[in-house]
Each structure stands twice: as C-alpha cells, then as structure tokens.
Amino acid sequence: MSGLMETHIKSLPFLHRGKVRDIYAVGDDKLLVVQTDRLSAFDVVLDDPIPNKGKILTAMSNFWFKKFGNLMPNHMTDIDPVSLVAPEEREQVEGRAIVVKKLKPLAIEAIVRGYIIGTGWKDYQKTGSVCGIKLPEGLKEAQKLPETIFTPSTKAAVGEHDENISFEQMEKIVGPDIARQVRDLAIKLYTEASEYAAGKGIIIADTKFEFGLDANGTVHLIDEILTPDSSRFWPASSYQVGSSPPSFDKQFVRDWLEVQPWNKQAPAPHVPDDVAQKTAEKYSEALRLLTA
C-alpha cells in the first residue's frame, strides 16, 4: 500500500530516524518532527506502511496538546512546518509534521494503565503484579483496575525492546523529584483524557507519555500523546470483561502478527494490504470520534 516510509528533506539538517518519526534541526533550539506512515509493533519497524497514519497521528496529537495545554508545559510551537522547507519538499511535511522546542528527553516512558491488558495482563497471570505493583486476586483480562497505576519502562533504541521497570528504578534513572512529577502529571493527563473519551464512546485502556526537560530543568510533555500508536482505544459499545476487546489502534496489526510464524525480531512478516487498510480505517475512526 502507498504511504510515506521515509522523508528526504535537504533544506534542513537531518538528525535522526526513529521508529516512526524523522527529525530535522531548525536552528539550535527547535526541531522539525515528521510523522511517517511507518508502524512499530513489538518494537520492530514493519516494512509496510499504514496509509495516512502519520497525518492521522499528527492531527490527533495536536488536538490533545491544545486541549491540555493549560495542564503543563509542552514542546509545541506555532511555526508552520511548510514554511521551513523547500517548495518541492512541502508534500513530505504537510499535515504530518510539527515544529517543536528542542528539549532533553527523559530516558524512560511513562505508562499509565486503567485496565489490565497486554503485557500487564501477562505479568499479572505469572506474578499477580504489574511492574512490582501487587494487584487483587481474580482479575480478568481487560478488567478495569481498582485504581489507575503508573508503570514506567525503559526507552529502547530502534530494534531493541522496552523493559518494564519499578518506580524505584525510575527514580534512580531520572531522580526522585522528576520521577514524582512525571508520575503525577501522567496520571492526571490519563484521567482527564479518559473522562473526555468516555463521553465520545471510547475507553482509553492504557497509554504512554514521554517527557523532556528544558535548560531550567522544567518538565515538558513531548513526543506524541494519546494516539492509536501510544494508547489502547476500545469502543465502549463492544467492551466486555474477559477477552481482549476490538480496538481503534495498532492492536489489529499486533493480533495478526501474533498468529504468524515470527520470533518478534526484524524483519517482520509482510503485512497484507487488507490488514494495513483495516488498520488505517481504525486510526481514522478514532480521530473522527475523539475530535468531533
């Protein structure tokens, strides 16, 4: 299927190609971040694009950043990305790029869980806990947790796997004060977003945030937020405890990959066009419902 897998912008200095984003320098203090149509599943970048995924995720992140701009500082600027590149390069950034402040990313991912699913469910089945947090006995898959939990992880490089860590391990990585700020901000964001989404018929089961520091050590919200790539979105109308619900996110691709003869190492299996298209439709539907 057609989609933008890589950008090739010559009018700005290229800095980094991540799992799904390409990053360019804008002077010394800003970055151009382009959301491609690449998809990462099980920490492996797939070779096949999800059509228009980058534009959908950019629109959704921009919506949430504006909605929650009063809660905490974030990396957004008002600079139009199209104004920074050559005319022949505008198609690569239009609708899928943002210009952000250059901040120092924290070396952890801030994961918040309101329901038990995914790796959290697997951990719970083995240990009765998630990231060292003891949970009540008898929980079922996809059940709402008695209270929201914060379960940080390491931030792995491309091709490597993130690892769940305890809050105490996170404190050692970023320091106790920053760790507490990040935990409290992440839970607050998740709680407010979940309440909003519930009114749109969507359950946010869990989500991942990333944070960075400015020169003064102030914590900023960065990266993307509350998108189908960083969250599990479930339609409330079909939610049932005891099984993994249908979703508006990349779980559709994950489920397809789970039944393939694959060891979760690169290269990933080729994604059929119908699976890629169905995933794109789910992303688009999430955007429509949440931003309507």
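User: Which residue of strand 3 stands opposite A25?

Analyst: This is a predicted model, in which local features need pLDDT of at least 70 and side-chain atom pairs count only at pLDDT 80 or more, while totals for chains, interfaces and linings use all residues. Residues are numbered from 1 along each chain as its sequence is written, and side-chain values use heavy atoms, with hydrogens and water left out. Strand 2 (residues 21-26) and strand 3 (residues 30-35) pair in the antiparallel sense over six bridges, where pairing requires that DSSP finds at least two bridges between two strands, and where helices (H or I, at least four residues) and strands (E, at least two) are DSSP runs numbered from the N terminus. Within this pair, the residue of strand 3 that stands opposite A25 is L31.

User: Which residue of strand 2 stands opposite H16?

Analyst: Strand 1 and strand 2 form a hairpin with three residues between them. These two strands pair in the antiparallel sense over three bridges, and the residue of strand 2 that stands opposite H16 is I23.

User: Which strands are the edge strands of the open sheet of four strands?

Analyst: The four strands of the open sheet are arranged in the order 1-2-3-6, with antiparallel pairing.

User: Is T36 buried or exposed?

Analyst: T36 has its place in the loop between strand 3 and strand 4, and its C-alpha atom is separated by 5.7 Å from that of M5, 31 residues apart along the chain. Leaving aside neighbours within four places in sequence, T36 is in contact (heavy atoms within 4.5 Å) with L4, M5, V20, D22, K53, G54 and R96. Buried means under 20% relative accessible area, exposed over 50% and partly exposed in between, with a 1.4 Å probe and protein chains only. Because its relative accessible area is 0%, T36 is buried.

User: Which residues of strand 15 point the other way from S231, F233 and P235?

Analyst: Strand 15 is mostly covered, with five of its five residues buried, and it pairs with strand 13 (residues 202-213) in the antiparallel sense over five bridges. In a regular strand the side chains alternate between the two faces of the sheet. S231, F233 and P235 point one way, and the residues that point the other way are R232 and W234.

User: What covers the buried residues of helix 6?

Analyst: The buried residues of helix 6 (residues 251-258) are Q251, V253, R254, W256 and L257. Their cover includes strand 4 (40-41), strand 15 (231-235) and helix 7 (273-291).

User: Which residues of helix 7 make the contact with helix 6?

Analyst: The axes of helix 6 and helix 7 come within 9 Å and cross at roughly 150 degrees. Helix 6 is therefore roughly antiparallel to helix 7, since angles under 35 degrees count as roughly parallel, over 145 as roughly antiparallel, 65 to 115 as roughly perpendicular and the rest as oblique. Helix 6 contributes F252, V253 and W256 to the contact, and helix 7 contributes V275, K278, T279 and K282.

User: Why are helix 1 and helix 7 roughly parallel to each other?

Analyst: Two packed helices are described by the angle between their axes and the distance between the axes. The axes of helix 1 (residues 53-67) and helix 7 come within 10 Å. The two helices are roughly parallel because their axes cross at roughly 25 degrees.

User: Which residue is joined to A266 by a cis peptide bond?

Analyst: The bond in question has an omega of about 0 degrees. Its second residue has its place in the loop between helix 6 and helix 7, and that residue, joined to A266, is P267.

User: What is the phi of N52?

Analyst: N52 lies in the loop between strand 5 (44-45) and helix 1, and at 45% relative accessibility it counts as partly exposed. Although N52 is a residue other than glycine, its phi is positive, with a value near 65 degrees.

Notes
Axes fitted to C-alpha atoms, helices over the stretch in contact; angles between N-to-C directions.
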